[in-house]
Amino acid sequence: MSTPVLKVENLKVHFPIKSGGFLNARTLPLKAVDGVSFNVDAGECLGVVGESGCGKSTLGRAVLQLIKPTAGKVVWMGENLCDLSHETMRQKRSDLQLVFQDPLSSLNPRLTVAEIIREPLYATDASMTREEADTRIAAIMTAVGLLPEMRNRYPHEFSGGQCQRIAIARAMVLRPKLIVCDEPVSALDVSIQAQIINLLRRLQKEYGLSLIFISHDLSVVRHLCHRVMVLYLGRMMEMADRDSLFAKPLHPYTQALISAVPIPDPAKERTKEAVILSGDLPSPMNPPSGCVFRTRCPKATPVCIKDAPAIETLDNGRQIACHHWRTL
Amino acid sequence: MTLFQAQSESQLQLMDAAARLKGRSLWQDAAERFSKNKAAMGGVIVLGLIAIMSIVGPMISPYTLEDLSWESIGIAPTMENSHWFGTDDTGRDMWVLTWMGARVSLTIGVMTTFIALLIGVAYGATAGYVGGRTDNLMMRFVDVLYALPLLFFIIILVTVFGRNIYLVFVAIGCVEWLTMARIVRGQTLSVKRKEYIEAALASGVRTNTIIRRHVIPNVIGPVIVYVTLLVPTNILVESYLSFLGLGVQEPLTSWGVLISRGANALETAPWLLLIPATFLAITMFCFNFIGDGLRDALDPKDR
């Protein structure tokens, strides 16, 4: 196994939330991400899945230092990014890029495509000549499947899928080593989703990219990712390589997630055993005691209320946080 | 038939390629919508005419600003003697006075707004973008200045530095930027959370560049509208300063000065009030129409 390029250790992101009135004002932490650790290898795609509000996006932004983590380490190529000053971090940013969910709102409507893609180039290398930049812009536009002649157009003249290609081109033009994709396809329709996913996969192979692919769409994750991490309420529930996770989910939450994916065969769909979770995600300001999933877990026992499960690492590197996974 | 098809197809491709080369920016779209707005375009044309006349007008007339004459005091508008707008109580030609007044009033309106724009946009965008404690401090400072009465401020400036027209520019500009800063800050707060700002941050773009390239172009729409409404406001402010004797100094004149003197002679020589007041009103209407047109043209909801 290759050495990891990114090591995240015990990452915590807490947002202070003011509550109460003027006299009894208190600040409570909202624990968006609470003690998550993982590695990403060179050329690997790590999927991060979980329902809305479980801290997926916050995790991605904390890795890129767009949100300052409260505690923990983000070690990139042996260097802890959390310790860097704003300016040193700014210079590191060419290695780590981000692709957003909503393609149109992630592009400045007042700039042309070429200006949008050129911006990161000038930001990281002020000495770059215009010709050099133009060559690279044309090359990257071709690589993501856009015609270089479209360079002087504006984002609102493109379709959603094309806008996402522009956003990917902007992220790729610096030749980064890691891209955090924050639900890059959930705003697109299915046929375009497939194009974008295949584009990401191709780019990943060609350039040896590492991806952190945040999504709530398990079928997309299954198609693209090598390993999958399941988040719930800011904590890791289970992490395993794709095949073993989908073949035999061990954590009750993963089981519920996977059984919620519709099967495109009505006969099978009708007979499948679905684990349907009741209730909503608890408030991250006031998480349940013990195991955070216990309020909705069909297998919860008194020990789940008392103690938070430790993360166990299995032989094949699979990690799981559950008291009862052996008996399920 | 097939040949014809092939030809038209290749032509289509050519046209398509040509269309691809140049995109249409949001500004171009807005300009087109604006040019279709009759009231706004009328405003632009009339305002342009007034601006041209303020330059050319005094040259057409045989009289100058300093020509006083005992024989021609208080002549009503007439085609004789080239006193097209009549004369005032010192025998000066109203045509010349009106257009010279237009010069001063328009200049003051535009210059003060420009000063307010510069300070307000820079200040508001910085406060809004940086946010947090800086924002709080900067905006409380604006609140403090708001509490200071404009007139009081200008009287202090005039007493300290003496009466001079540039001082009026600075004084009005320095007061009017406050509202501009508030508008820009509010807009910046909403733009700041947009994903393209985060994308720029993630690409390592410097804060100054983000404010200049991403924040300001996207907040400028409502600001432009406010600017066109601020110009007439500032012309009015100048006119009441002049009315109180704090504005421009004789023999130089402005619409405000003319109106204040015309008001005194309303019963005997109504044209002294009516002529400058009409032009002031027309100018106000023009700016307001332009402002409305710009707001409609720049409003993204219309798209």
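Two residues are in contact if their C-beta atoms, placed from the backbone, lie within 7 Å. Keep that in mind as we walk through this predicted model, in which local features need pLDDT of at least 70, side-chain atom pairs count only at pLDDT 80 or more, and totals for chains, interfaces and linings use all residues. Residues are numbered from 1 along each chain as its sequence is written, while chains are lettered from A and ligands numbered from 1 in the order in which they are written.

Let's start with a loop. A:Gly279 sits between α10 (266-271) and α11 (302-306) of chain A; helices (H or I, at least four residues) and strands (E, at least two) are DSSP runs, numbered from the N terminus. Is A:Gly279 buried or exposed? A residue is buried if 20 or more other C-beta atoms, placed from the backbone, lie within 10 Å of its own, exposed if 12 or fewer, and partly exposed in between. A:Gly279 counts as exposed because it has 7 C-beta neighbours inside 10 Å. Setting aside neighbours within four places in sequence, A:Gly279 is in contact with A:Thr295 and A:Arg296.

Next comes the sheet. Four strands of chain A form an open sheet in the order β2-β1-β4-β5, with antiparallel pairing. Two strands pair if DSSP finds at least two bridges between them. β2 (26-41) and β5 (79-80) of chain A are at the edges, each with a single partner strand, so one side of each has no neighbour in the sheet. Helix α1 (residues 56-63) of chain A lies across β1 (4-19), β2 and β4 of chain A, at about 70 degrees to β2(A). Axes here are lines fitted to C-alpha atoms, for helices over the stretch in contact, and angles run from 0 to 180 degrees between N-to-C directions.

| Strand pair | Sense | Bridges | Bridge partners |
|---|---|---|---|
| β4(A) and β5(A) | antiparallel | two bridges | A:Val75 and A:Asn80 |
| β6(A) and β7(A) | parallel | four bridges | A:Gln97 and A:Ile179 |

In β6(A), A:Leu96 and A:Leu98 point one way, A:Gln97 and A:Val99 the other, and all are buried.

Finally, the contact between the chains takes 29 residues from chain A and 23 residues from chain B. On the chain A side, α2 (86-92), β6 (96-99) and α3 (113-124) each give two or more residues, and α3(A) gives the most, with four residues.
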